[in-house]
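Please look at the chain below and consider how its side chains meet one another.

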Amino acid sequence: MERAYKAALIDHFTGRWLTDRKVERFREVLNHRTRHLTVVLENIFQPHNASAVIRSCDAFGLQDLHVIEVNNRFAPNKDIALGSQRWIQTTHHSNSAGCIDALKASGYQVVATTPHTARPLASLPIDKPLALCFGEEKPGVSQSVLDRADHVACLPMYGFAESYNLSVSVALGLYDLRTRLQASDVSWGLGSHEKLDIFLHWCRQVIPNVAEIEQRFRSQWST
């Protein structure tokens, strides 16, 4: 019943409140969306980094972003994110252990990233879902994340710099993993139920006065 309601609501939205071009674009992007990869940001405090990461997640087709707020509140700059926050579903966590444990329980292999000596990120297996964890700008990921990680990986560097900028690290890591996923036979796409839910979520992000429109539709649907 709930799925039928969602499908009918989407038909209502697409028939009256969204252009054909917008509907086509939603469907096109959904076909490239994945939950096989996700990003975890731990205690990030610089708004431009948070915003750039959101844009990268959207650009590489990730649907989910997890943020751990211990001492610092996650506060992206909308002028940098440029609306990408509407398309990404962000889950907030109050502590690192709880976030990592929840991801592992959902089937993710947790990858702690570090600028220090570790296996190259490009060598990570991609047959199982991966959660890439990036830590606070200076100290990096916490010991709690390191202790729970299935892998510890780095991005190779060849100059005097000791680390990449956080948002650059995320983009480089996602580029490598997404490129390999595209060339693999791994089933990384979304299921039909997920696509339905996300399409509806996106409709709610762009339609003005959507709550009132949906309330009227629900009253008619119930009768």
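What follows is a walk through selected side-chain contacts in this model, which is predicted.

We begin with the charged pairs. Across the whole structure, a search finds nine salt bridges. One of them joins Asp58 to Arg33, with the closest N and O atoms 2.8 Å apart. These two residues come from distant parts of the chain: Asp58 belongs to helix α3 (residues 47-59), while Arg33 is in the loop between α2 (20-30) and β1 (37-42), and they are 25 residues apart. Arg33 has a relative accessible area of 2%. Because buried means under 20%, Arg33 counts as buried.

The loop between α2 and β1 also holds Arg35. The side chain of Arg35 meets that of Glu194 in a salt bridge, at 3.2 Å from N to O. Glu194 lies in helix α8 (residues 192-206), so this pair ties together parts that are 159 residues apart in sequence. Arg35 has a relative accessibility of 24% and counts as partly exposed; Glu194, at 27%, is also partly exposed. The pair belongs to a network of salt bridges that links Arg35, Asp64 and Glu194.

Arg180 is partly exposed, with a relative accessible area of 24%.

Now to the aromatic rings. A pair of aromatic rings is described by the distance of the centres and the angle of the planes. The count for this structure comes to eight aromatic pairs. Among them is the pair of Phe26 and Phe199, with 5.4 Å from centre to centre and 85 degrees between the planes. Planes over 60 degrees apart count as edge-to-face, so the pair of Phe26 and Phe199 is edge-to-face. Phe26 is in helix α2 and Phe199 in helix α8, 173 residues apart, and the pair links distant parts of the chain. Phe26 is buried at 5% relative accessibility, and Phe199 is buried with a relative accessible area of 5%. Together with Trp87 and Trp202, Phe26 and Phe199 form one aromatic cluster.

Finally, charge and ring can meet. Arg178 lies over the face of Trp188, at 4.4 Å from the ring centre. Arg218 lies over the face of Tyr5, and here the distance from the ring centre is 4.3 Å.

How values were computed
Residues numbered from 1 in each chain as written. Predicted model: local features only at pLDDT ≥ 70, side-chain atom pairs only at ≥ 80, totals over all residues. Heavy atoms only, no water. Salt bridge = Lys/Arg side-chain N within 4 Å of Asp/Glu carboxyl O. Helix = DSSP H or I, 4+ residues; strand = E, 2+ residues; numbered from the N terminus. Buried < 20%, exposed > 50% of the residue type's maximum accessible area, 1.4 Å probe, protein only. Phe/Tyr/Trp six-rings, centres within 6.5 Å; stacked < 30°, edge-to-face > 60°. Lys NZ or Arg CZ within 6 Å of the ring centre and 35° of its normal.
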